Amino acid sequence: MPSSPKVFSSLAAAASRRSSLRRLLSSPAVSAACLLFGLAGFLAAAVSLSRAPAEAPRGRCPDSSHPLSVSVAWDRRPGDAAGGATDLPAGLATGSRGRHKVMAFVGIFTGFGSVGRRRALRRTWLPSDRQGLLRLEEATGLAFRFVIGKSNDKSKMAALEREVEEYDDFVLLDLEEEYSRLPYKTLAFFKAAYALFDSDFYVKADDDIYLRPDRLSLLLAKERTHTQTYIGCMKKGPVFTDPKLKWYEPQSFLLGSEYFLHAYGPIYALSADVVASLVALRNNSFRMFNNEDVTIGSWMLAMNVNHENTHALCEPECTASSIAVWDIPKCSGLCHPEVKMLELHQRKECTGGPTEDREACMDTGPGGMS
């Protein structure tokens with residue numbers, strides 16, 4: 001059988017080419033050229049890496065090196081009401097110090113006698129440490145701080161300073177902390193909140209409600225066509241004219257026999273445009289009624305706001321769509337909140353289960369009213 005010359009000739013040619021290639025590569029000129037190309041590539045890579053921006057670390061917690069608590073003071077001007085909130089300093093009012101961007105800022109109103117309530121909140125739905133607050137803010141777009149005024153009692157102020165140092169979750173307002181002056185505190189809060197935070201909404205909440213931050217976030221993230229929005233659990237009712245009653249209104253002659261539509265006081269939200277309008281006005285141009293919720297409601301009547309009625313903000317029990325739970329109508333918050341808060345937190349229907357659809361959080365009819 002004849003041999004196959006193609007096979008052998010092919011191998012021989014390949015061997016011949018490999019031998020020639022080895023001789024070429026072993027020559028000094030080619031070796032020098034390869035060395036130069038290699039050095040050039042190394043230098044190009046080094047320059048590229050030195051110019052590339054450092055990539056931000058992923059999966060790390062937000063920066064917690066800066067304190068979260070802040071004390072806000074106001075410029076005093078002639079004619080300002082004694083003990084009332086006055087105008088913010090120009091630098092702070094214009095946001096020159098830098099406004100922190102969040103979807104919503106939630107101010108939890110509290111007082112010097114509410115240490116137990118704050119303890120209960122930090123043991124339930126509100127994180128008790130700075131990293132936890134920052135994680136909650138990152139997850140929901142909501143920043144939470146306790147809001148409190150000042151006291152002439154040095155022991156109370158000293159205790160507050162220790163609590164601020166430990167938990168770092170306060171906004172301290174430069175006005176006397178008195179329940180009778182709650183409307184002034186509310187105005188001071190909105191002005192300070194607007195100066196400190198660049199938010200879509202500003203929420204006033206009390207320290208005796210059980211709150212689901214995740215569901216509140218969904219409610220506030222809902223698309224709206226009206227930029228001036230007032231969100232709350234809306235109500236009407238008789239005006240109290242008897243001085244012996246808790247909700248007595250000294251200026252009842254201006255109101256008639258029934259209150260206008262307004263939100264319950266334990267929690268409500270104002271959009272950024274609404275708060276901006278409040279910030280723009282001098283404080284002595286606002287009428288202050290005896291009750292904070294009525295006072296805010298009266299200001300909303302003077303503005304072209306959309307009243308958005310949301311019953312999920314005033315549920316007496318935890319439900320699949322409840323956002324805020326409190327003992328309506330028995331109490332203006334949770335009855336015995338220090339105990340009830342912990343009890344609610346043990347219930348699966350209050351803490352567990354998937355967050356409902358955004359629309360499930362809303363209980364509204366045409367035009368935002370039920």
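Predicted model: local features only at pLDDT ≥ 70, side-chain atom pairs only at ≥ 80, totals over all residues.
User: How many aromatic pairs does the whole structure hold?
Analyst: Rings of Phe, Tyr and Trp (its six-membered ring) pair if their centres lie within 6.5 Å; planes under 30 degrees apart count as stacked, over 60 as edge-to-face and the rest as tilted. Searching the whole structure, the number of aromatic pairs is 12.

User: What is the angle between the planes of F105 and F189?
Analyst: These two rings form an aromatic pair, 6.0 Å centre to centre. The pair is tilted, its planes at 35 degrees.

User: How many residues apart in sequence are the parts that F105 and F189 tie together?
Analyst: Helices (H or I, at least four residues) and strands (E, at least two) are DSSP runs, numbered from the N terminus. F105 lies in strand β3 (residues 104-109) and F189 in helix α7 (residues 182-196), so the parts tied together are separated in sequence by 84 residues.

User: Which class of pair do the rings of F109 and F189 form?
Analyst: Their centres are 5.4 Å apart. Their planes meet at 85 degrees, so the pair is edge-to-face.

User: Which residues form one aromatic cluster with F105, F109 and F189?
Analyst: F105, F109 and F189 belong to one aromatic cluster. The cluster also takes in F190, F197, Y230 and Y268.

User: Which charged residue sits over the ring of F109?
Analyst: A charge sits over a ring if NZ of Lys or CZ of Arg is within 6 Å of the ring centre and within 35 degrees of the ring normal. At 4.8 Å from the centre of the F109 ring lies the charged end of K185.

User: Which residue's side chain makes a polar contact with that of R212?
Analyst: R212 lies in the loop between β8 (210-211) and α8 (213-221). It is buried, with a relative accessible area of 7%. A polar contact is a pair of N or O atoms within 3.5 Å; within protein, one must be able to donate a hydrogen and the other to accept it, and residues adjacent in sequence count only if both atoms are side-chain atoms. At 2.8 Å, the partner of R212 is D214.

Notes
Residues numbered from 1 in each chain as written. Heavy atoms only, no water. Buried < 20%, exposed > 50% of the residue type's maximum accessible area, 1.4 Å probe, protein only.
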